[in-house]
Amino acid sequence: MEWKIVHIDETDSTNRWLKERRTDEAMVVVADYQTAGRGCGQNTWESERGKNLLFSMLTHPHEVPVAKQFHISMAISLAICEALGQHIGDLSIKWPNDIYWRDGKIGGILIENLIQGSVIKDCIIGVGLNVNQRRFHSDAPNPVSVWQICEHETDRKQLLNDILQAFDRQTGRDVRRPYLSMLYRRKGIYPYADKDGAFMAEFIDVEDDGHLLLRDDDGRQRRYAFKEVSFI
C-alpha cells in the first residue's frame with residue numbers, strides 16, 4: 001500500500017485531524033505533540049514534545065466484514081510488535097491492543113471505524129508509542145519507553161516506516177494465531193476484576209469480534225467486551 005504521510009507540529013488529536021480530512025487514499029498524519037491525546041474511553045496519553053511517535057492511519061478495509069473488524073486491531077498490534085522487535089524483546093499485546101514490554105505499557109492504539117452497510121468504509125487507527133521519552137510525570141501506573149529499555153535514541157521516522165510496512169504485510173494474512181501467541185498473560189492464572197468484583201482466571205480465547213474469554217478458578221467461562229473486565 002502506498003501511504004501519503006503528512007507531518008504536523010501539533011494538534012489536539014491525530015485521529016480527529018484525520019476525521020476532518022477524510023480522503024479516498026491511504027493517509028498517515030504524524031504529530032510531534034498532541035494537546036489532547038486520547039487513549040480508549042476517557043484515558044489521556046502523556047507524551048513529551050518531539051520525543052515519541054504519535055500518528056494516525058486512515059485506511060479503507062472494504063474487504064473486512066463488520067463482524068471481523070477486530071482483525072484490524074490484531075493486524076496493527078502485530079505490526080507494532082514486529083517493528084519494535086527490531087529494537088527490544090519481551091513484547092506482548094495486552095488485550096485488546098495495548099503494547100507491553102514485560103509489565104510496562106509502551107504503546108496504545110485507538111481504532112475508530114465508519115461502517116457502511118456490511119463493510120468498513122473508513123478506519124482510523126491512532127497509535128501512541130513511547131520512544132525517546134526518558135521520564136514520565138503523569139499518574140499512569142506503568143509507562144515505559146524504548147529509551148528507558150535501550151538507553152539510546154531511536155529514529156522515529158524509520159520506526160514509523162517499519163510499522164507501516166509491517167501492517168501492509170499483516171493485512172490479508174490470518175492474524176488470529178500470531179495475535180493469540182503474543183497475548184499478555186496468555187499462560188497461567190491471574191487476578192481480574194469485573195462489575196461483581198475481583199476473581200482469578202486463565203485465558204481461553206479471543207473471539208473474531210474481540211470478546212475475551214476467561215475461565216475462572218471455579219471452572220466457569222466468562223465472556224467480556226472491552227471495558228467490561230480489567231487486569232489487576
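Guide: Start with one term. Two strands count as paired if DSSP finds at least two bridges between them. Strands of a sheet pair through backbone hydrogen bonds, either parallel or antiparallel. Keep in mind that this is a predicted model.

Five strands form it, in the order 11-10-9-8-12. The sheet is open, and its pairing is antiparallel. Its edges are strand 11, residues 221–224, and strand 12, residues 230–231. Each of these edge strands pairs on one side only.

Strand 10 covers residues 212–216, and four bridges join it to strand 11. The two strands run antiparallel. Find arginine 215. Opposite it, in strand 11, stands glutamine 221.

A loop lies between strand 11 and strand 12, and lysine 227 is in it. Check the backbone there. Lysine 227 has a positive phi of about 80 degrees, although it is not a glycine. Most residues other than glycine have a negative phi, and most peptide bonds are trans. Lysine 227 is also exposed, with a relative accessible area of 52%. The cut-off for exposed is over 50%, so this value qualifies.

A second residue shows a positive phi. Glutamate 151 has a phi of about 60 degrees, and it is not a glycine either. Its place is the loop between helix 3 (146–150) and helix 4 (156–170). Glutamate 151 is exposed, with a relative accessible area of 61%.

Now go inside, to the largest cavity. The structure holds one cavity of 30 Å³ or more. The volume of the largest cavity is about 50 Å³. Among the residues lining it are Leu212, Leu214 and Phe231. Phe231 falls within strand 12, residues 230–231.

The peptide bond from tryptophan 95 to proline 96 is cis, with omega near 5 degrees. Proline 96 sits in the loop between strand 4 (91–94) and strand 5 (98–101).

Proline 96 leads on to the second largest pocket. Seventeen residues line this pocket, and Pro96 is one of those nearest its centre, along with Phe70, Ser73, Asn97 and Ile111. The space in the pocket is about 350 Å³. Helix 2 (70–84) and strand 6 (104–116) each supply at least two lining residues. Strand 6 gives the most, with four. The lining as a whole has 10 nonpolar residues, six polar and one charged.

Valine 28 has methionine 57 in strand 3 as its bridge partner. Strand 3 is also joined to strand 7, residues 119–129, by seven bridges. That pair runs antiparallel too. There, the bridge partner of leucine 53 is leucine 129 in strand 7.

Look at its side chains. Leu53, Phe55, Met57 and Thr59 point one way. Leu54, Ser56 and Leu58 point the other way. Residues on both sides are buried.

Last, step back to the whole protein. It has five helices and 12 strands. The radius of gyration is 17 Å, close to the 17 Å that the globule rule gives for 232 residues, so the protein is as compact as a globular protein of that length. Its C-alpha atoms fill a box of roughly 50 × 45 × 30 Å along the principal axes. Of the 232 residues, 49% count as buried. Now consider contacts between residues at least 6 apart in sequence. Of these, 58% join residues at least 24 apart.

Definitions and conventions
Residues are numbered from 1 along each chain as its sequence is written. This is a predicted model: local features need pLDDT of at least 70, side-chain atom pairs count only at pLDDT 80 or more; totals for chains, interfaces and linings use all residues. Side-chain values use heavy atoms; hydrogens and water are left out. On a 1 Å grid over the protein atoms alone, a cavity is a set of points where a 1.4 Å probe fits but cannot get out, and a pocket is an open set with protein on both sides within 12 Å along at least five of seven lines; lining residues have an atom within 4 Å of a point. Grid points are joined across faces, edges and corners, and a volume is the space filled by probe spheres set on the points. Ala, Val, Leu, Ile, Met, Phe, Trp, Tyr, Cys and Pro count as nonpolar, Asp, Glu, Lys and Arg as charged, and the others, Gly among them, as polar. The radius of gyration is taken over C-alpha atoms; the globule rule is 2.2 Å times the number of residues to the power 0.38. Buried means under 20% relative accessible area, exposed over 50%, partly exposed in between (1.4 Å probe, protein chains only). Contact means heavy atoms within 4.5 Å.
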